[in-house]
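Please keep the sequence and the model at hand while going through the numbered points.

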Amino acid sequence: MYKDIIQFIREIYNEDSKFIPLHEPRFIGNEKKYVLDAIESTFVSSVGEYVDKFEKMMCDITGAKYAIATVNGTNSLHLALLLAGVENEDEVLTQSLTFIATANAISYANATPHFVDVDKETLGLSPSKLKSYLKEIAEVREGKCYNKFTGKRIAACVPMHTFGLPLYIDELVSVCNEYHIPVVEDAAESLGSTYKDKHTGTFGLLGVFSFNGNKTVTAGGGGAIITNDETIAKRAKHLSTQAKKTHKWEYEHDAIGYNYRMPNLNAALACGQLEQLDNYIENKRALSDLYAKFLKDNQYLELVREVKHSKSNYWLNAVILKDRSERDNFLEYTNDNNVMTRPIWSLMNKLEMFKKCPKSNLSNAEWLEDRVVNITSSVRVK
Ligand SMILES: Cc1ncc(COP(=O)(O)O)c(C=O)c1O
């Protein structure tokens, strides 16, 4: 019964028999030219004109006032949490249905991830569930939010726009504002995705992006932090360059900093890729429309689509199967037939290192964990 979709994917990718990956990068613009240029300039490391250009492009694309280029999305998240004021022993709210980097970054900040449920239609952190949960467990004292049961401060909330699908981010930010909880948006997967015409990553205090090789556009490896707060932006740049004070020759450092700046070589590749972003998103949205048309009356596979007021980059298309056993059948059939598919992540709270972390009822996340599978989503060039 899954033969049709395999045939359909092979047709739309013009690929008769070869292995079809889930998502592969495309380099069809100025990427090689810019990378060569960076090499010839000898500025291959963390200072160079492509880093500046990349940061400017990120501001133009997202509408954020400031962008800071970093080595990857995971360390961007780590730094963003510190910049939001997360300290040792704090709790940080996030969704249990996310990629491991979200929870890892919280741990790097010596804080405890506190897992909350998602909405079934956005696959992202649920504002309504968060609201009722906070009502039950949280209290605000002197402008700070505390978990009544653990006594710990709830220092931040990290919602994640899953597969590029915007979650109900404006509602989520208002819930967090009510409880004085700063929001760090994990927009690693959602470059180019908007909610109510505003770019994801710009609703909270800080937003974070990834330019890993599997993303809509790539730097090879890379990340970015965006914010509208000038003080935070300056601090981000400072901390990501070993907290070195500006001086012509002295080594003076005023904090424990990090080597988190994106090298110019990667920025050159990223600039070439960012020039293609609009193209790629148009291509990806057309692909999702094709899937939607093809799967319209399919009784086994339901395509996940963007919710009202949102525009997804459709980084990875996702389908929902009837139950876990159907999910496994589908995964086996497609992968056996050389068309790569992959299940959504295991819930963070089930992993050994996060088993003891506090959590809300996670019924939606559990339901989705059993059913969601990603299907072929690369930009089609042939
Ligand atoms: C949701 C999410 N957060 C964070 C990251 C981390 O990004 P990176 O791989 O650039 O460290 C990724 C992707 O890899 C991601 O999908």
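**Notes on the predicted model**

1. A nitrogen atom of the ligand lies 2.8 Å from an N or O atom in the side chain of D186. An oxygen atom of the ligand is 2.9 Å from an N or O atom in the side chain of K215, and an oxygen atom of the ligand is 2.8 Å from a polar backbone atom of G73. These are polar contacts (a pair of N or O atoms within 3.5 Å; within protein, one must be able to donate a hydrogen and the other to accept it, and residues adjacent in sequence count only if both atoms are side-chain atoms). Taken alone, the ligand exposes 380 Å², of which the protein buries 93%; accessible areas come from the Shrake-Rupley method with a 1.4 Å probe, and for residues only the protein chains shown count as cover.

2. The ligand is surrounded by 14 residues, and the closest are G73, T74, E189, S210 and K215. A residue is near a molecule if one of its heavy atoms lies within 4 Å of it.

3. On the basis of the model: it is predicted, local features need pLDDT of at least 70, side-chain atom pairs count only at pLDDT 80 or more, and totals for chains, interfaces and linings use all residues. Residues are numbered from 1 along each chain as its sequence is written, and side-chain values use heavy atoms, with hydrogens and water left out.

4. Four strands make up an open sheet with mixed pairing, in the order β1-β11-β10-β7. β1 (66-70) and β7 (184-186) stand at the edges with a single partner strand each, so one side of each has no neighbour in the sheet. From one strand to the next the twist averages 20 degrees. Strands (E, at least two residues) and helices (H or I, at least four) are DSSP runs numbered from the N terminus, and two strands pair if DSSP finds at least two bridges between them.

5. How many bridges join β1 to β11? Five do, and β1 and β11 (residues 223-227) run antiparallel; I68 has I225 as its bridge partner in β11. Helix α3 packs on the sheet, touching β1, β10 (206-210) and β11, and its direction makes about 130 degrees with that of β1. Axes are lines fitted to C-alpha atoms, for helices over the stretch in contact, and angles run from 0 to 180 degrees between N-to-C directions.

6. Helix α9 (residues 264-274) is mostly covered, with nine of its 11 residues buried. Buried means under 20% relative accessible area, exposed over 50%, and partly exposed in between (1.4 Å probe, protein chains only). The buried residues of α9 pack against α2 (31-41), α3 (49-62) and α10 (277-294). Contact means heavy atoms within 4.5 Å.

7. Is T376 buried or exposed? T376 counts as buried because its relative accessibility is 0%. T376 lies in the segment after β16 (372-375). Leaving aside neighbours within four places in sequence, its contacts include I9, Y13, L287 and Y291.

8. L97 is in the loop between β2 (91-95) and α5 (100-108) and is buried, with a relative accessible area of 0%. By contrast, A292 in helix α10 is partly exposed, at 21%. Leaving aside neighbours within four places in sequence, A292 is in contact with L303 and R305.
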